[in-house]
Amino acid sequence: MAPDLLVRRALSRDATAISELNNSFASEGQMLRRTPEMISLAIDDYVVVQQGNGQLLACGALKEYSPSVAEVAAIAVSREAHGKGLGRAIVNAVEDLARKRGTYDVFALTLQPDFFAAIGYQRVDRARYPEKIRRDCLACARRFACNEICFAKTLLAADIVRAA
Ligand SMILES: CC(C)(COP(=O)(O)OP(=O)(O)OC[C@H]1O[C@@H](n2cnc3c(N)ncnc32)[C@H](O)[C@@H]1OP(=O)(O)O)[C@@H](O)C(=O)NCCC(=O)NCCS
């Protein structure tokens with residue numbers, strides 16, 4: 001990753017920029033739309049990659065379902081920065097947040113299976129995560145035509161915690 005990039009926890013003032021980055025992919029159906037207000041309410045769960053000039057280039061969030069299970073969610077990298085390792089970096093930061101909270105079983109429901117496979121996730125049956133199905137899938141309009149694929153990773157407690 002370029003030396004002028006900073007991976008950090010999100011702050012309240014980032015909510016609008018995170019919403020814009022997230023929603024730039026929502027119109028194509030790649031991401032769920034999220035308002036700045038929705039993001040503000042969960043700001044402690046977000047991490048970002050910031051450029052030297054202050055612009056946010058990537059974001060992601062940890063969505064907890066139980067004390068031991070959480071989703072790597074809302075991963076987005078600005079189009080002009082694709083293919084430079086920021087997606088991997090933001091997922092790493094979300095995983096670090098999970099470790100800090102004592103959560104070692106993380107999963108993602110994604111339309112980008114090759115990305116998650118490339119960064120070390122294993123394809124699993126979503127039935128492994130009934131908490132996710134109960135909270136989100138059962139109420140989703142696309143539940144009978146969902147093309148998202150479930151990927152999971154078991155985190156190692158001994159890994160270095162990068163997200164301070
Ligand atoms: C998917 C996304 C996050 C990837 O971000 P990125 O910064 O381009 O990814 P990276 O550069 O960190 O790539 C990491 C690895 O994944 C691979 N990869 C990334 N995107 C890929 C894709 N669409 N298809 C196949 N492989 C991909 C890279 O080749 C790389 O592999 P390598 O380390 O073996 O070379 C980005 O394209 C994005 O924001 N997409 C739109 C939003 C979205 O779909 N988010 C996912 C929601 S769960």
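Which residues are closest to the ligand, and how many surround it? I will start there. This is a predicted model. In it, 21 residues surround the ligand, and the closest are H82, G87, R88, D114 and A118. Strand 4, helix 3 (86-100), strand 5 (105-110) and helix 4 (113-118) are the elements that give two or more residues to this shell. Sorted by class, the shell around the ligand holds 11 nonpolar, seven polar and three charged residues.

Now the chain as a whole. The protein chain has five helices and seven strands. Going along the sequence, their pattern is β-α-α-β-β-β-α-β-α-β-α-β. A compact globule of 164 residues would have a radius of gyration near 15 Å, and the protein chain, at 15 Å, agrees with that. Its C-alpha atoms fill a box of roughly 45 × 40 × 30 Å along the principal axes. Of the 164 residues, 31% are buried. As for contacts between residues at least 6 apart in sequence, 67% of them join residues at least 24 apart.

Next, the sheet. Strands of a sheet pair through backbone hydrogen bonds, in either a parallel or an antiparallel sense. Here, seven strands form an open sheet with mixed pairing, in the order 1-2-3-4-5-7-6. Strand 1 (6-9) and strand 6 (122-123) are the edge strands, since each pairs on one side only. Strand 6 pairs with strand 7 (residues 149-154) in the antiparallel sense, over two bridges. In that region, Q122 stands opposite A152 in strand 7.

Most residues other than glycine have a negative phi. The phi of A74 is near 55°, which is positive although the residue is not glycine. Is A74 buried or exposed? A74 has 23 C-beta neighbours inside 10 Å, and 20 or more are needed, so A74 counts as buried.

Last, helix 1, which covers residues 15-23. Which of its residues are buried? They are A15, I18, S19, L21 and N22. These residues lie on the same side of helix 1, because they cover an arc of only 165° around the axis. What covers them includes helix 2 (36-41), along with strand 2 (46-50), strand 3 (56-64) and strand 4 (69-77).

Definitions and conventions: Residues are numbered from 1 along each chain as its sequence is written. This is a predicted model: local features need pLDDT of at least 70, side-chain atom pairs count only at pLDDT 80 or more; totals for chains, interfaces and linings use all residues. A residue is buried if 20 or more other C-beta atoms lie within 10 Å of its own, exposed if 12 or fewer, and partly exposed in between; C-beta atoms are placed from the backbone. Helices (H or I, at least four residues) and strands (E, at least two) are DSSP runs, numbered from the N terminus. The arc is that of the directions from the helix axis to the C-beta atoms. Two residues are in contact if their C-beta atoms, placed from the backbone, lie within 7 Å. The radius of gyration is taken over C-alpha atoms; the globule rule is 2.2 Å times the number of residues to the power 0.38. A residue is near a molecule or strand if its C-beta atom, placed from the backbone, lies within 6 Å of it. Ala, Val, Leu, Ile, Met, Phe, Trp, Tyr, Cys and Pro count as nonpolar, Asp, Glu, Lys and Arg as charged, and the others, Gly among them, as polar. Two strands pair if DSSP finds at least two bridges between them.
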